[in-house]
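Here are my notes on this model, as numbered points. Please read them with the structure open.

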Amino acid sequence: MGALDAKKIAEAEALMGQVDSAPDEYAKAGMYYKAATAYRIAKSSDESKDCFLKAIDCYENNKSWFHAAKSYEQIILLAKETGTLSEVEEYANKACSLYQQHGSPEAAAAALDKAAKMTESKHPELALEFYKRALAVVLNGDSTHQASEFASKVSRILVKLKRYEEASKALKKEIGLNLQTKSYGQVGRLVVALVLVQLAYDDFVDAKKTFKKWGNRCEKQEVTTLEKLLQAVDDKDHELAARMLASPFIRHMDVEYALLSKNISISQGIQNGTQLEKEASDNAGN
């Protein structure tokens with residue numbers, strides 16, 4: 001143990017010895033919090049976490065919801081440092097609830113956002129749930145611009161996880177939010193992304209409907225590319241379809257969509273899309 005670690009542990013133990021003489025719960029919480037911070041600097045993670053939890057109990061007894069939430073965020077940082085990311089879900093959700101109880105939706109969403117970024121690379125499904133809850137929090141607080149940012153993260157993780165039908169629904173929601181904020185330039189790229197996703201799960205009919213509904217929100221290059229791509233699928237022109245999917249602006253989209261464009265099986269999409277159109281035509285005739 002280094003000199004600094006020993007000093008910090010001694011500092012933490014001194015604070016713990018003074019807790020019983022604290023005049024109220026808020027003062028106790030402050031001592032526990034300072035002790036937890038000292039233990040954390042000394043890399044005594046278990047002791048640090050235990051002190052943060054005691055601080056939270058005192059803050060909650062005092063109805064200091066904001067400070068209790070902040071303490072949970074400190075435990076989340078401990079989990080990151082010690083590699084125990086399995087603990088993040090419980091504490092991030094508790095921090096979010098306490099921030100909401102305090103009337104701070106922005107802080108609640110920010111806590112979830114940090115937890116999502118922390119877990120996204122190793123636990124994308126968990127990060128997805130954090131982003132979904134953050135989206136719900138900001139929508140409830142009527143922050144449409146911030147909601148569109150979280151909606152984008154939800155859509156992209158769903159694509160990364162190859163949950164394309166869910167991604168399609170998420171992208172439609174994202175388009176709606178961007179239309180509300182009049183972010184029309186963003187809408188065009190999202191329409192391209194939605195068409196790519198729909199082709200990825202072989203829904204050629206819906207891809208055509210998407211372009212028909214929102215194509216007027218696309219820029220000229222986007223319109224030309226989508227028209228040629230959908231026509232190529234319709235004509236079973238594999239070469240043209242592949243060329244359109246390799247368009248520079250598609251390859252420079254968010255990485256999830258750029259990768260998706262390389263992995264779309266056009267032959268499968270053509271086959272299934274044609275069958276779907278045939279079924280739709282037959283149903284219309286009945």
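1. Salt bridges, overall. A search of the whole structure turns up 14 salt bridges. Keep in mind that this is a predicted model. Three of the pairs are taken one by one below.

2. E25 and K28. Their side chains form a salt bridge, with 3.8 Å from N to O. Both residues sit in helix α2 (residues 25–41), and because they are 3 residues apart, about one helical turn separates them. E25 is partly exposed, at 26% relative accessible area. K28 is also partly exposed, at 23%.

3. D50 and K54. Here the N to O distance is 3.2 Å, again a salt bridge between side chains. The pair belongs to helix α3 (residues 45–61). The spacing is 4 residues, about one turn of the helix. D50 has 38% relative accessibility and counts as partly exposed. K54, at 31%, is partly exposed too.

4. E73 and K114. This salt bridge joins two helices. The side chains meet at 3.0 Å, N to O. E73 is in helix α4 (residues 65–82) and K114 is in helix α6 (residues 105–119), so the bridge ties together parts that lie 41 residues apart in sequence. Is E73 buried or exposed? E73 is buried, because its relative accessible area is 10% and the cut-off for buried is under 20%. K114, at 45% relative accessibility, counts as partly exposed.

5. The core. The largest nonpolar core contains 95 residues. Which residues have the most contacts inside it? They are V88, F130, L196, V197 and L229. Helix α10 (residues 184–200) supplies the largest share of this core, with 10 residues. As background, nonpolar side chains tend to be buried together in soluble globular proteins.

6. V197 in detail. V197 is among the residues with the most contacts inside the core. Set aside its neighbours within four places in sequence, and V197 is in contact with V159, Y164, A167, S168, L171, Y257 and L260.

7. S265. Where does S265 lie? S265 is in the loop between α15 (255–263) and α16 (266–285). At 39% relative accessibility, S265 counts as partly exposed. S265 and Y201 are 64 residues apart in sequence, yet their C-alpha atoms are 9.3 Å apart in space.

Technical notes
Residues are numbered from 1 along each chain as its sequence is written. This is a predicted model: local features need pLDDT of at least 70, side-chain atom pairs count only at pLDDT 80 or more; totals for chains, interfaces and linings use all residues. Side-chain values use heavy atoms; hydrogens and water are left out. A nonpolar core is a set of buried Ala, Val, Leu, Ile, Met, Phe, Trp, Tyr and Cys residues joined through side-chain atoms within 4.5 Å. Buried means under 20% relative accessible area, exposed over 50%, partly exposed in between (1.4 Å probe, protein chains only). Contact means heavy atoms within 4.5 Å. A salt bridge is a side-chain nitrogen of Lys or Arg within 4 Å of a carboxyl oxygen of Asp or Glu.
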